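Morning, everyone. One structure today, and I'll keep it short. Have a look at it first.

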Amino acid sequence: MSPVVPQRASDWHLASAPTSSPGGPERNMAYRATGVADGQGGGRVFGAVQEKRREYGVWLGAQLVIAEAPRTCTNVACCVLLSLLASAASVACCMAWAFGDPRLLESEVDFHARTCMAQGLQYVYWPNPPELSWALCVAACPSAVDVVNSKHVELPLSGNLVVRRGQGNVEMSQAFWAAILPVYPTTAVFDRFCLPSPSTPIIVQFLRPADTKSWARREEFRNASDVLLTPLELEYGATLPQVRRMVGDLRRGVKLDVVASLIIVAAITGVVPWLAIRTCPRCASGAIVCVSALATLSAGWALMAFAEQAKNDYRSITLASLSPAVARAVGDVLVGMGIGLSVAALC
């Protein structure tokens, strides 16, 4: 049978014809010209389509059979392990919240294990290298001017504990005093430490108990790289202390004004491309890819330059050897992404 071609769009009308599908009233929909010229032709077609869809849904529901299978618990061992890990993480978080001190992440400690932040101070200074346990918290790092002006610091010391046994009692005595030590020139490093340059000569005080009330002193000039920087690299430059300081710096850097600025910048950088895409999608897409490629390449090159500069800096070598490696890895990834975006922009 040859198809009938309608003359107008309003002449379309839905007709149905039975099919050879076994077991149900599924029907094929065909169109034919009926000469409907009134304005309700479109509404009639839509209503007929909806009716056919309902009929097909009823028939399909009658054909489907939902099998009721017994439900069993799977991966019991993984469920138990996950519960134990979640419980341990909850206990660790509660203990850290109750007994921890976040200031230990953001600040160093002195010889009494007191954080410099708790004392209203910022930097830690070692008055008598290589005794790293004799650390003092100071408000500002000693400079060359302080050395010229013969500035000094007081280091608390103590004598040996003396125990005397008497008739029916025990007497204990110990002498405490402060040793006056001259300062050496330093600079502030990472907003935490006072470090000298590797070639700075330092007067090392070899203090030892002479008796119960005094200490014997012997002075020698040593190179800062030998008596201070190398011991600091072994203790404060280890992996865990570096990670602790990174977390502390990140926590200290997250402030309300910084978060508000990031939100504003994110909103601007999100709204402007959206408006541009609605105005001219093709031009906006090309511009976004070009700007992204330029920004990614710039950030990657900057990180690579920082890594090259920092890996030869005595401050990074001593206290932050992980930073150049991380910066170089991230820089390589960003440069690769920038090259890929540039190729996409050119294509």
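Residues are numbered from 1 along each chain as its sequence is written, and side-chain values use heavy atoms, without hydrogens and water.

Confidence first. pLDDT is the predictor's per-residue confidence, from 0 to 100. The protein chain averages 78, and 82% of the residues score at least 70. Over residues 1–39 pLDDT stays under 50. Where pLDDT is low, the predicted coordinates should not be read in detail.

Now the cysteines. How many disulfides does the structure hold? Two, counting a disulfide as a pair of cysteine sulfur atoms within 2.5 Å.

Cys 116 pairs with Cys 137, sulfurs 2.0 Å apart. The pair links distant parts of the chain, 21 residues apart. The S-S torsion of Cys 116 and Cys 137 is about -75°, so this disulfide is left-handed.

Next, Cys 141 and Cys 194, sulfur atoms also 2.0 Å apart. These two sit 53 residues apart in the chain. Their S-S torsion is about -85°, so that one is left-handed.

Buried or exposed? Buried is under 20% relative accessible area, exposed is over 50%, partly exposed is in between (1.4 Å probe, protein chains only). Cys 194 is buried, at 0%. Cys 141 is buried too, at 14%. Cys 79 is partly exposed, at 44%.

Last, the surface. Met 172 is exposed, with a relative accessible area of 61%.

How values were computed. This is a predicted model: local features need pLDDT of at least 70, side-chain atom pairs count only at pLDDT 80 or more; totals for chains, interfaces and linings use all residues. Contact means heavy atoms within 4.5 Å. Helices (H or I, at least four residues) and strands (E, at least two) are DSSP runs, numbered from the N terminus.
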